[in-house]
Amino acid sequence: MARDLYNFIWVVPPPPGPTIGPVPLQTTTTVARAALTTRGVIVFPAFMTPLVYVDGKDPAWLELLIASELVLTADMVNRQLKISAGLRGNKPYSPAPLFAGAGGNIEVVSVGNVSDDGETILETHSKFAGILHPSFATALTNKRVSKLYKVRIKPSAIPTSSPADELPYSYQESKFIGYRMNGTTVERVTRLATVGSELSDVMIRDMQNRRFGPDNSGNLNTIPGRCRYSFPISGNAIDMARADPQLPIQSYHPLFVHTGAQATNYLDFGHVSDIHVNSRWQILGKTNARVIEYGDGQFEDESPKIGSVLAENNRSFHAVLARVFGGDADAVIVGGDIVDHIRNAYSAARILSSTNTPRQIWAAMNIEGDAYTDATYPFGLDLVAFYSYIFDSMTSSSKPVFGITGNHDCYVDAFGISPRLNAELMASRTNEGIPADLNLTFYEALLAFGPSGGLLRSASSSFNAEWFDWFHLVLSPFNDWWFKFPKQSLVGLGWGTSEDLIDPRGGQSGGHLPRSDDAISNAQLALLQRAVDARATRKVTLTTHFTFLSYIETVAMHPGGARSSPGTFRLNDNTLGTENYSHFEMGTFETNRATLIEMLANRQIQCVLTGHSHRRGMHLLGTRTGDTIPAQLFDTDPTDSLSLCTIPAGLTTAEPVIIVSDSAGPYPRHNRDGEFLGWGSDRPGGTVIKFEESSGRLSEVRTLTATNRQKARGVVAMDYVDVSSTGAFNNNRLEVAWITGEQDTGAAPPSPTPIYFISANLTAQVHTTWQMIIEKLVFAGRFGTTWLHIETTYDAARNAFAVPAAQTNDFRTWLRLVLQPTRYISIKMNSRSSFIANRYDWSSYWNFEVMAQALFQYPAGAPRQVSYRIFRPQREIAITGRDVQWREAPNFDWRMANDPKYAP
Amino acid sequence: MAERLAAEELVWLTRDPPRDEHDQRVAWTLADRAIDEVRWTDLVEHEHLTLERVEFSATQWNGVVFRRCLLREVQFARSTLAHAVFEDVVFERCRFQGTTFEACQFSRCRFERCEFEFLTAIRSGLRECVFDQLTTTVFDLRECDLSGTRFVEASLDGLRASKSTADTLELRGGRLQGGDLTACQIRSLQIVGVPIDGLRILDSHFGQATLAGARINDLSLGGCEIDEFAIVDCPELLGLHVLQSTIAEVRIDTCPMVAGLLIADSRITELNLHDARLYDAAFERVDAGPRSRIHGGALTGILFVGGTWAGLDLRGVQLADYVAVRQTHFSGLQFAAMQVGDPLDLRLDSDQYGDGSMTWSDARGT
């Protein structure tokens with residue numbers, strides 16, 4: 001009554017050892033000829049294209065694809081194929097054959113030779129078909145295992161318990177495995193570590209040598225285990241200081257056996273996508289930089305250590321995994337973008353140290369110039385981290401995981417935290433949303449990251465499809481696959497070998513997500529078509545990273561409070577142009593578009609699971625008119641009263657259900673009804689898709705939000721409105737009411753009543769449409785060695801914030817005498833809109849640097865008057881359009897020169 | 001319509017420029033081409049190359065050398081030029097958008113009617129270059145050397161410079177809005193005929209800094225060290241703040257409208273105001289040397305708070321509205337030929353004077 005997890009292992013028994021003891025002078029016995037063995041690789045199942053065997057529902061065979069050097073026989077399979085319980089690093093196996101005899105228990109059929117054309121569909125007897133990624137095919141050929149066989153064995157071979165005679169197939173070697181502190185010195189730790197013996201493990205090591213450098217001390221790669229070993233999970237993050245010597249990154253060939261109540265016709269799917277594992281954010285979380293450096297213990301509620309509010313992807317992913325694997329899903333699909341980029345910051349000293357100065361963190365993050373080396377930004381950190389998380393979840397839950405590639409999975413070079421190089425104008429591949437992904441304002445993100453936070457390592461794309469080889473050697477050999485559950489087909493199609501974004505003359509590229517250029521290829525289409533053709537037996541769930549329907553962030557989920565948001569899905573077969581994609585098809589694909597959309601329009605696919613756009617939604621299609629199909633976008637958040645989680649029986653538009661999941665690492669975007677102009681966020685999440693066991697009807701779609709992560713901070717959304725959109729303040733400024741010239745200088749006698757009144761000047765959109773209110777408005781500034789902290793009170797009659805009379809001099813000092821880089825505003829906001837008030841965290845303050853610019857009115861014969869405009873740096877520049885380049889960055893040089901906390 | 005590079009052109013541009021039958025380099029022209037998403041790392045040297053209407057987009061180009069080349073109506077969008085050398089190159093009506101220069105060297109280059117939008121230069125040299133009628137929207141210079149460079153009739157929005165240096169730097173004509181200089185070192189800065197609207201200068205060192213002949217609004221200096229700081233012939237000087245700075249000589253000359261002047265927490269060896277009309281000026285905690293002078297012009301509302309004035313000579317100055325003094329020490333205050341308005345409000349509190357010094361109360365009598 002369970003899900004049980006096993007691992008297939010292909011062993012090559014060692015030759016018999018030398019005879020020990022006296023050599024007989026004469027013998028009459030007959031020496032049996034040694035049984036023939038072959039080197040081989042189990043191609044299917046693989047780590048993220050596993051075999052799921054549903055007891056009593058599936059044909060009574062276990063099906064595999066095996067590549068071998070020699071002609072494969074059932075007898076070889078009987079002796080060399082092993083099944084052991086669980087996924088164990090040392091791959092223990094029983095030397096005994098699977099069966100007393102192969103006959104009737106094992107069938108082997110040749111399916112030809114390995115092809116690296118990326119088009120040939122391989123298939124097992126009945127359960128699985130897929131297209132090998134060329135990198136895996138090439139690796140097989142290089143090892144001279146190019147004969148391919150579909151193999152099936154009787155399930156009775158599955159051991160009911162771990163045999164007592166198990167031997168480890170792996171061996172042990174001394175490896176660099178981590179770091180420790182010796183006093184103030186970081187030193188390397190070496191341990192005996194497990195090394196896999198399967199040929200597929202050797203293929204992985206070849207790839208690792210090529211990608212991460214040799215496994216010896218001459219390698220500059222600083223990652224513990226040199227990317228050959230998993231990280232332990234510590235709390236909800238990886239322990240980056242050490243690798244687990246018993247868990248090498250090696251091949252596994254999982255078999256999941258569902259029995260009893262788990263042996264269902266229809267499996268419920270969990271879907272996680274856009275994980276963007278980015279382990280440097282774990283280091284960034286150790287910063288104690290604060291926007292307003294009041295001093296230890298001073299106003300930390302208003303200006304906290306940025307590391308304490310940073311919501312980094314790794315921990316969010318861990319939380320999402322807990323929800324998805326811990327919930328109703330019977331199988332989990334990983335929808336690509338498993339990492340942000342292949343190279344990432346690693347610093348053992350920062351990881352091991354409990355206290356880090358902001359400057360030390362800046363140095364660790366630095367991507368500028370010569371600071372970016374193979375040692376400081378080694379290759380592979382996050383691939384290892386992702387593997388560690390998935391291995392942990394898969395093995396602890398015994399739930400199968402299927403995976404496909406996303407475009408980020410071969411992004412090589414790192415980028416800063418706010419590389420917003422004119423994104424709107426140049427269709428930049430840069431991502432202005434990263435601070436929001438981390439639940440930070442621009443200023444917070446940049447201050448934590450350091451001066452290189454606005455840079456890109458690569459001006460052009462760092463998309464390098466050759467790096468998909470890690471995914472396909474370690475996670476799955478298949479770029480595209482079709483797995484057949486008892487009554488469902490699950491088809492996964494990989495990203496492809498290129499992406500399309502930069503096209504200054506194009507339409508969709510401008511501000512759009514990258515699209516997959518060569519998906520859906522003819523080969524992918526052929527695989528999918530076969531699944532579609534068999535839909536009478538098994539309804540099809542299709543999963544891709546790229547989207548089919550995904551609304552641009554500025555289109556609301558519930559416009560005007562409606563339950564759904566209308567859009568259009570267009571049939572456009574133009575693979576070259578970008579002209580006719582609408583704002584409802586963000587990050588879609590180019591090739592064979594018409595055919596795919598025909599399939600959807602004709603409701604030949606039951607469910608589509610995608611990611612890529614970091615914004616959840618469930619899209620249902622209406623009836624096609626010409627090249628346009630009307631669509632409706634629904635929310636699937638069960639906590640939202642307007643959501644549509646339960647699909648009503650008999651709903652004519654219920655198939656296909658086109659689902660985009662929230663990003664599972666970064667904070668996803670959310671736009672309920674136009675609030676924050678598309679820059680609202682939610683907590684990361686995944687999706688569970690449930691099917692009715694009796695009918696197979698898709699009955700439920702629910703977002704699984706990482707509810708143990710902090711809510712999206714409202715001030716982050718406000719910051720994006722102000723920095724990246726139309727602005728939060730009229731004319732980009734707060735205004736101080738006019739006072740006389742002598743009051744301005746302080747020459748006038750002191751006033752017992754307030755003289756300074758500040759208009760917050762929020763735009764009508766902010767204060768009326770979104771019903772935002774300012775609960776507190778605080779002015780902070782460093783004067784000499786002390787910090788001014790001026791808390792205003794709201795004067796309803798003036799609709800302005802009054803500086804208490806007792807702090808008139810302080811505020812005058814703040815306006816006139818405080819040096820610019822230490823003049824700040826802290827705003828605590830909230831909303832009268834219950835949705836905005838409850839969905840977002842409004843406990844934190846919106847802190848940003850400002851300038852105070854005096855205005856003078858000196859009319860003849862009238863009192864001289866002075867007012868002040870308070871605005872963020874450089875807001876006096878009139879930039880039209882989206883203000884994507886406002887200088888929201890801290891003055892790093894000033895902090896370094898004037899604040900000991902930021903000193904070298 | 002720009003077309004993609006032909007294979008031969010690609011080789012010429014990125015690896016091996018064309019040669020004649022004698023294997024000598026020849027001048028050549030590349031026109032009407034669009035180059036997207038490429039990364040070139042081969043070292044290549046170009047001489048007498050003309051690029052016309054070439055669009056570089058998302059291009060990363062390392063180690064290229066241009067000598068005596070002409071770039072006309074060339075666009076660089078979201079591109080990076082690293083370790084590139086430009087010598088005696090003329091850029092005509094070129095446009096740079098979202099582009100980065102990293103460790104590049106521009107020598108004796110001329111930029112004519114070019115546009116910089118969000119251009120970042122890091123550790124680069126822009127020496128003896130002329131920017132003629134340049135238009136910028138955010139031009140960020142970090143650790144750059146601008147020696148001998150001149151901006152002529154440039155419209156500079158969002159000029160930022162940090163840790164940058166120059167022997168001489170000149171801005172003449174045009175306009176400057178929203179500028180920031182941090183930790184810069186410039187021996188001689190001349191800004192002539194350039195209206196300024198917002199310029200903040202922090203932690204910087206200047207030998208001589210002169211601003212002349214245009215309106216100035218919102219100019220602040222903080223933590224600066226300057227030998228000679230002069231503002232001359234400004235029709236309006238509004239909101240000049242000098243904070244926490246050390247300046248040998250501050251000279252404000254022939255400025256008929258100086259509103260809201262504030263000098264605070266600073267050491268000024270010599271303050272010279274000549275024919276300047278100040279409104280609501282304030283000097284807070286200023287330590288001034290013995291040769292400060294206010295000659296001619298007017299003081300309509302002036303405040304002294306704290307500080308010491310070793311010598312302050314006022315001659316031919318109109319005093320009006322108020323003089324407020326709090327806890328300020330004047331060692332040698334002298335008045336001559338003063339024109340004092342009636343009523344003048346003297347708000348004196350703990351004012352102190354040295355032997356032989358006049359007092360502010362004496363101003364009316366002179």
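This is a predicted model: local features need pLDDT of at least 70, side-chain atom pairs count only at pLDDT 80 or more; totals for chains, interfaces and linings use all residues.
Figure 1. Although Glu73(B) is not a glycine, its phi is positive, at about 55 degrees. Glu73(B) counts as partly exposed, because 18 C-beta neighbours lie inside 10 Å.

**Figure 2. The loop of chain B that holds Gln244(B).** Gln244(B) is placed in the loop between β25 (237-243) and β26 (246-259) of chain B. Its phi, near 45 degrees, is a positive value in a residue other than glycine. Is Gln244(B) buried or exposed? With 20 other C-beta atoms within 10 Å, Gln244(B) is buried.

**Figure 3. Chain A as a whole.** Chain A contains 21 helices and 41 strands. Its radius of gyration is 31 Å, close to the 29 Å that the globule rule gives for 904 residues, so chain A is as compact as a globular protein of that length. Taken along the principal axes, the box filled by the C-alpha atoms of chain A is roughly 130 × 70 × 50 Å. Of the 904 residues in chain A, 60% are buried. Among the contacts in chain A with a separation of 6 or more, 77% are between residues 24 or more positions apart.

**Figure 4. The open sheet β3-β16-β1-β5 of chain A.** Four strands of chain A form this open sheet, in the order β3-β16-β1-β5, and their pairing is mixed. The edges are taken by β3 (51-54) and β5 (81-85) of chain A, each with a single partner strand, so one side of each is left without a neighbour in the sheet. From one strand to the next, the twist averages 30 degrees. The pairing of β3(A) with strand β16 (residues 254-258) of chain A is in the parallel sense and extends over four bridges. Within this pairing, Val52(A) has Phe256(A) in β16(A) as its bridge partner.

**Figure 5. The open sheet β2-β4-β10-β7 of chain A.** Here four strands of chain A form an open sheet in the order β2-β4-β10-β7, with antiparallel pairing. Which strands stand at the edges? They are β2 and β7 (106-113) of chain A, and each has a single partner strand, so one side of each is left without a neighbour in the sheet. The twist from one strand to the next averages 30 degrees. Strand β4 (residues 62-68) and strand β10 (residues 147-153) of chain A run antiparallel and are joined by seven bridges. Ala67(A) finds its bridge partner in Leu148(A) of β10(A).

**Figure 6. The hairpin of β12(A) and β13(A).** Strand β12 (residues 171-182) and strand β13 (residues 185-195) of chain A pair in the antiparallel sense, over eleven bridges. Along this pairing, Gln172(A) stands opposite Thr194(A) in β13(A). Two residues lie between β12(A) and β13(A) in the hairpin, and Gly183(A), in the turn, has a positive phi of about 70 degrees.

**Figure 7. The crossing of α2(A) and α13(A).** The axes of helix α2 (residues 134-142) and helix α13 (residues 468-475) of chain A come within 8 Å and cross at roughly 65 degrees. The crossing in which α2(A) passes α13(A) is right-handed. On the side of α2(A), the contact is made by Ser135(A), Phe136(A) and Ala139(A), and on the side of α13(A) by Phe468(A), Asp469(A), His472(A) and Leu473(A). The residues of this contact of α2(A) with α13(A) comprise four nonpolar, two polar and one charged.

**Figure 8. The side of chain A that touches chain B.** Across this interface, 38 residues of chain A are in contact with 53 residues of chain B. At least two residues of the side of chain A that touches chain B are supplied by each of α10 (423-426), α17 (741-745), β40 (851-857) and α21 (892-898) of chain A. The largest share of this side, four residues, comes from α17(A). By residue class, the side of chain A that touches chain B divides into 18 nonpolar, 14 polar and six charged residues.

Key:
Residues are numbered from 1 along each chain as its sequence is written. Chains are lettered from A and ligands numbered from 1 in the order in which they are written. The radius of gyration is taken over C-alpha atoms; the globule rule is 2.2 Å times the number of residues to the power 0.38. A residue is buried if 20 or more other C-beta atoms lie within 10 Å of its own, exposed if 12 or fewer, and partly exposed in between; C-beta atoms are placed from the backbone. Two residues are in contact if their C-beta atoms, placed from the backbone, lie within 7 Å. Two strands pair if DSSP finds at least two bridges between them. Axes are lines fitted to C-alpha atoms, for helices over the stretch in contact, and angles run from 0 to 180 degrees between N-to-C directions. A crossing is left-handed if the near helix is turned anticlockwise from the far one by less than a right angle, and right-handed if clockwise. Ala, Val, Leu, Ile, Met, Phe, Trp, Tyr, Cys and Pro count as nonpolar, Asp, Glu, Lys and Arg as charged, and the others, Gly among them, as polar.
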